[in-house]
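Work through the two exercises below with the structure open. Each task is followed by a solution in steps.

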Amino acid sequence: MDFKDYYQALGVERNASDEDIRKAYRKLARKYHPDVSKEPDADRRMREINEANDVLRDKEKRTAYDALADQVAQGRYAGAGPGEGFQPPPGWDEGFEFHRRPGQGPADHAEFSEFFSSLFGAAERRSAERRQYRARGEDHHAAIEIALEDALKGAEREITLRSQELDDQGQAQWKTRTLSVKIPPGVHPGQYIRLAGQGMPGHGGDPAGDLYLEVRIAPHKLYRIEGRDLYMTLPVTPTEAALGAQVKVPTPGGGMVEVTVPRNARNSLKLRLKERGLPGHPPGHLYLLLEIALPPADTEVARKAYEQLAQAAPLNPRQHLGV
Amino acid sequence: MANPSFDTTTLGATHPLRAGELAHACGAEIDWVVQLVEVGIVEVRSPAERPDDWCFHSADLQCALDVRRLERDFGVGLDAAALILDLEHEVRRLKALLTARGLAREI
């Protein structure tokens with residue numbers, strides 16, 4: 001684990017005002033937001049920016065972080081040892097009481113780095129314990145990526161979670177646990193699987209929180225998923241599109257079905273195979289998007305056939321352009 | 001030793017989230033969930049008098065978590081958050097459509 005320079009992450013000076021930090025964050029968030037960014041590492045950068053913003057916008061966290069950064073810069077604290085990377089010194093946060101800002105929840109920190117958790121995670125929990133004698137443990141959030149076939153048929157997958165827990169002395173310890181999770185058939189992207197009691201331990205005897213796993217489905221070579229519906233491009237020849245045809249189509253479940261391509265089918269025509277998408281209540285559909293594949297005119301016979309077609313069925317596809 | 005195996009529930013019509021559970025999952029209070037319903041960001045799946053009895057599905061949890069992030073990162077109000085979520089969903093839908101048609105590199 002390396003020491004993170006949060007000022008560098010946001011591109012601001014150490015003496016930046018709150019307003020400077022806010023402006024820098026918003027500018028970078030617009031640049032790296034995964035929905036708009038063209039940068040290849042947008043996801044990673046956005047996580048870094050969010051984390052830096054979380055610390056530097058919070059007066060207490062920023063003061064504590066600055067003090068620690070000073071120690072590191074002055075060489076008064078060298079870290080855990082050669083090759084072991086950075087570990088915060090014991091008691092580095094003495095005198096500070098970190099808590100989440102109003103509006104912040106457990107999910108807000110779920111994707112932050114190990115560095116952040118080692119600095120602020122345990123302290124936030126100790127603070128919560130001091131403030132609330134009895135409270136249900138926080139819910140945890142994570143994601144699980146599965147194959148489309150797993151979503152269709154169900155599966156059992158292992159996930160490894162790494163989180164900090166307080167030991168008997170109140171010191172934060174990293175713990176890794178591996179869980180086997182049953183994936184029920186019919187899950188779809190964006191759906192949540194809930195594991196009761198697998199979140200943070202409760203305080204004062206109250207129950208533990210839950211673990212919510214967001215289902216993500218890995219890109220598939222044939223099918224695109226939208227909710228419970230599946231989309232597939234179905235190539236057809238010009239002859240099949242013009243005259244109509246019966247064509248074989250693979251279905252997500254592994255079988256084949258025969259589909260009727262109607263006469264005079266146009267490119268991008270959408271055919272629906274009812275309830276052949278992801279199972280559920282109601283089940284999704286499988287949509288086939290027709291794509292007319294042109295035979296290459298690379299032989300004399302093929303060229304002649306195209307010329308005969310042009311004579312037999314004259315067409316001006318640019319008529320609407322006025323040419 | 002085999003890894004512990006847990007029975008799971010998939011959030012949906014059979015296993016919905018109560019309003020209090022939705023709030024807890026987002027580190028919020030139930031009043032905040034009531035506001036989300038009023039703005040139309042989440043949808044009450046089984047109408048009931050008392051908010052405590054309202055039920056929600058996975059899509060509602062996803063939207064609620066996204067709103068929490070927008071509130072935190074940009075300090076936006078709920079109306080603006082609702083608009084941003086709608087636009088985000090549309091961008092993702094269109095990107096998926098372009099990807100399916102092999103045009104992802106055009107954007």
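**Exercise 1. A strand and its partners**

Task: In this predicted model, find which strands pair with strand 5 of chain A, and in which sense.

Solution: 
1. Locate strand 5 of chain A at residues 211-217. Of its 7 residues, 6 are buried, where buried means that 20 or more other C-beta atoms lie within 10 Å of the residue's own.
2. Look for a parallel partner. Strand 1 of chain A, residues 140-146, runs parallel to strand 5 and is joined to it by 7 bridges. Within this pairing, His141(A) has Tyr212(A) as its bridge partner.
3. Look for an antiparallel partner. Strand 4 of chain A, residues 192-195, pairs with strand 5 in the antiparallel sense through 4 bridges. Here Leu213(A) in strand 5 has Ile193(A) opposite.

**Exercise 2. The largest nonpolar core**

Task: Which residues of the largest nonpolar core touch the most other members, and why does this core lie between two domains of chain A?

Solution: 
1. The core has 48 residues, and those touching the most other members are Leu22(B), Leu61(B) and Ala64(B).
2. Helix 3 of chain B, residues 58-74, contributes the most to this core, namely 6 residues.
3. Domain 2 (136-218) and domain 3 (223-297) of chain A both supply residues to the core, so the core lies between them.
4. Take Leu61(B) and set aside its neighbours within four places in sequence. Leu61(B) is then in contact with Tyr192(A), and in chain B with Leu11(B), Leu17(B), Leu22(B), Ala25(B) and Phe56(B).

Terms used:
Residues are numbered from 1 along each chain as its sequence is written. Chains are lettered from A and ligands numbered from 1 in the order in which they are written. This is a predicted model: local features need pLDDT of at least 70, side-chain atom pairs count only at pLDDT 80 or more; totals for chains, interfaces and linings use all residues. A residue is buried if 20 or more other C-beta atoms lie within 10 Å of its own, exposed if 12 or fewer, and partly exposed in between; C-beta atoms are placed from the backbone. Helices (H or I, at least four residues) and strands (E, at least two) are DSSP runs, numbered from the N terminus. Two strands pair if DSSP finds at least two bridges between them. A nonpolar core is a set of buried Ala, Val, Leu, Ile, Met, Phe, Trp, Tyr and Cys residues joined through C-beta atoms within 7 Å. Domain bounds come from an automatic or database domain assignment. Two residues are in contact if their C-beta atoms, placed from the backbone, lie within 7 Å.
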